[in-house]
Amino acid sequence: MKKIIYLLVVVLIYSCGSSDGPGDNVPNENPVLTSITISSSNGNQLDLFGTNTTTLNATGKDQTGKTIGITGTLNWSSNNGIVSVDNNGLATGQEVGNSIVTASAGSISAIFVLSVVDTEPQSGTFVYVSDAAQFATGPWKIVRYDENGQNAMTFIDDDLAWPQDILFLEDQGQVLISNLSSNKINRYDASTGNLIGSFAAGISGPTRMKIGADNLLYVLQWEGNGLVRRYQLDGTFVDQFTNVGVTRSIGLDWDSMGNLYVSSFDGASVRKFDSNGNDLGLFVTSGLQGPTNIWFDENDNLFVNDWTGNKVIQFDSDGNLVGDFISSGLSQPEGVDFFPNGDFLIGSGGTAQMRMYDSNGVFLKNLVSAGAGGLVRPNAVRIREIQ
């Protein structure tokens, strides 16, 4: 009997002995607040048009990492007027931008960054960029920036399939997105970016789109017969406008006489058609490696984004090579659009930037810096003025 009692005493002493391992269950009798963690009920983005508030919650931790209550006064503050926050941690967006909210108790504090967007801006200039990402595999999106290339937000990411171009129908309150992989053009709400439905289908890899002088939509095809297709602005198919196909067609524009020009990426050329769609032969046959977008100036000089050559090349009104218009700084140039003052944007796909130039081709700045807004590979851009 004495042996049994002795053994029990030994076990009891061992189990109550000291331990410096992670399994130590001795309670901390003097918890001290050493850190604060902030969480949000609605994520870290507020929308002036939608969910414009979020409740921020502060959780305290002691010196052992255990959750403890925060005693005393918990103070909330914001570093600017973009977000307001009350004593209960209710944060409200006031204007577009980013704000740092701080929760503090005594000398212990933590921060939480909130981004405020406006999915339906009432006015201003905005830049919409198509992101081809990993080409045929995505993930694809249309990103919207303000006129300074800031406050990025994903405007569209629904039902995209290697998007190629962006075209706003302002009188209809819609925006069209051409999708190479799904062979269709989709309609979206121009304010919210919500999918409305299909504009046109059965197109062999639609790429660029432009509205002509006849108020019809001209659409290029990457695959199939390579003919230029025309549609009414309600999506009704009109005809195949051209009588000769252009393989891997991905750039179009008109000269001052109404002649249509279409670039061929794999043909490294630009073909000319008259105002009735009749073939007038190759306009540019040399000097290009892999052309994408093309455009004319007021003197009928032709400018070509050479995706493979990483530059912009200029030709005169007869198709003769003038030289490099932009010779450095671009990588896989694709997509172009113009500000009212003549400055223009080009997507630099290889560097994930939107580069800005003046009318003489002089580099001004990266309007959208590399990767801003999650941008991976820009391939189309549209500048939009909302009044």
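View 1. Buried residues account for 48% of the 387 residues; buried means under 20% relative accessible area, with a 1.4 Å probe and protein chains only. This is a predicted model: local features need pLDDT of at least 70, side-chain atom pairs count only at pLDDT 80 or more, and totals for chains, interfaces and linings use all residues. Residues are numbered from 1 along each chain as its sequence is written, and side-chain values use heavy atoms, without hydrogens and water.

**View 2. The whole chain trace.** The protein has one helix and 32 strands. Helices (H or I, at least four residues) and strands (E, at least two) are DSSP runs, numbered from the N terminus. The radius of gyration is 30 Å, well over the 21 Å that the globule rule gives for 387 residues, so the protein is more spread out than a compact globule. This radius is taken over C-alpha atoms; the rule is 2.2 Å times the number of residues to the power 0.38. The C-alpha trace spans about 115 × 50 × 40 Å along its principal axes.

**View 3. An open sheet of four strands**. The order is E20-E21-E22-E23, with antiparallel pairing. Strands E20 (249-254) and E23 (279-284) are the edges, each pairing on one side only. Two strands pair if DSSP finds at least two bridges between them.

**View 4. Strands E21 and E22.** Five bridges join E21 (residues 260-264) to E22 (residues 269-273), and the two run antiparallel. Ser264 stands opposite Ser269 in E22.

Definitions and conventions: Buried < 20%, exposed > 50% of the residue type's maximum accessible area, 1.4 Å probe, protein only.
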